Amino acid sequence: MSSRANPKVAVLMGGPSAEREVSLSTGRECAAALAGEGFEVVQVDAGADLSARLSEIQPDVVFNALHGRWGEDGCVQGLLEWLQIPYTHSGVLASALAMDKTRSKATFAAAGLPVVTSRIASKAEVMAAHLMTPPYVVKPNNEGSSVGIYIVHEAANGPPKLADTMPDQVMVETYAPGRELTTTVMGDRPLTVTDIITDGWYDYDAKYKPGGSRHEVPADVPSEIFDACMEYAKRAHDALGCRGVSRTDFRWDDRRGLDGLILLETNTQPGMTPTSLTPEQAAHAGMSFGQFCAWIVEDASCNR
C-alpha cells in the first residue's frame, strides 16, 4: 500500500467469465463505497489488455471484484504477483484450489471437514445414464454463483439433459438436503451465520435478484450448529490458505443434528452486491459497507 493520503485503487470488475454481470454489480458497489471512504478509485473492466491498463493506471492497490474463471481461479492473481501490485482477497494457490471443486473437496476432507461423495464424469456419461442414485447434483467443476447447476430429483425419469454450454467434464455429487447456511471469515475471525430462506433452491436468481431470498442474520439455529459453522468456515479458510475475506456455504439437514451439517464450498471472492451475504454479515459485526471495503483494501498485499 502507498503512504499517500488518498491511495489509488483499481477496482477490477466484469471480465469474460459466466459471472460477468454479477462482477460488474459487485465492482460498481465497491468502487462507490471506496470513493466514499476517501480512496482515489479507477474502475477497470478486465479484458485482454489488463496488464497494459494497470501499467497505465499505476494503482497503489487492486481491489479484485472479479467472479468466476480467470478472476478467482488464480489467473489474475498470478498477473498481479508478476506486476507486483498489492491486491485483495486470496492468492494464487488458495484461489485455484477453492475454484476447483474436486481439489477443494479433497482438501476439506483431509482437514476432517464434512463433505458429500462426488466424482468427475464426462458430459456424455452424465446424459447417458444415472451415475448415482437420485437425488444428485450435476455442476461444472470450476464455476460459482450457481452457474450451470442441475438437481436430479428422486422422481426423475432419466438422466439430465445438459446444456451445450456445460463443460465436457462435470462434477456429479450426492444431493445434500436441508437449510442453506453460510459464514464469512474476515482475516482470522468468522463473523456470523446466515440462514438463507427461499421458496425453492438457492439458485442464481435467488442469489442476485431483489426479493429472490430472505437472509436471517444471525441464523436461528441450535448453538451446536451455529458454532460448528463458525469453526468449519475458519478451518476451511485455513486449509485452503485463504487471505482477506472468504465465505463458506453449508447445507444442514435439521433432522440429523450435527451429522446433517455438510460443507458445500468456500468462495474466495464473495459477492458484494446489494443482495449479497458477506456485506450483511459485516454489518451485523458492526461495519458499514464502506468500512468493510476499506478493510479489504488495507489488507491487500503481494505474496498472498
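## Helix packing: α1 and α10

Helix α1 (residues 20-36) packs with helix α10 (residues 289-298) at an angle of about 90°, and their axes lie 8 Å apart. Angles of 65 to 115 degrees count as roughly perpendicular, so α1 and α10 are roughly perpendicular to each other. The model is predicted.

On the α1 side, E29, C30, A33 and L34 make the contact. On the α10 side, F289, G290, C293, A294 and V297 take part. By class, the contact of α1 with α10 has seven nonpolar residues, one polar and one charged.

## S246 in strand β11

S246 is found in strand β11, which covers residues 245-252. The relative accessible area of S246 is 0%. Buried means under 20%, so S246 is buried.

The side chains of S246 and H237 are joined by a polar contact of 2.7 Å. H237 is also in the contact list of S246, which leaves aside neighbours within four places in sequence.

## L80 in helix α3

L80 is found in helix α3, residues 75-83. Its relative accessibility is 0%, so L80 counts as buried.

Leaving aside neighbours within four places in sequence, L80 is in contact with L54, V62, I85 and Y87. How far apart in space are L80 and V61, C-alpha to C-alpha? The distance is 9.7 Å, and the two are 19 residues apart in sequence.

Definitions and conventions:
Residues numbered from 1 in each chain as written. Predicted model: local features only at pLDDT ≥ 70, side-chain atom pairs only at ≥ 80, totals over all residues. Heavy atoms only, no water. Axes fitted to C-alpha atoms, helices over the stretch in contact; angles between N-to-C directions. Helix = DSSP H or I, 4+ residues; strand = E, 2+ residues; numbered from the N terminus. Parallel < 35°, antiparallel > 145°, perpendicular 65-115°, else oblique. Contact = heavy atoms within 4.5 Å. Nonpolar A, V, L, I, M, F, W, Y, C, P; charged D, E, K, R; others polar. Buried < 20%, exposed > 50% of the residue type's maximum accessible area, 1.4 Å probe, protein only. Polar contact = N/O pair within 3.5 Å; in protein donor to acceptor, adjacent residues only side chain to side chain.
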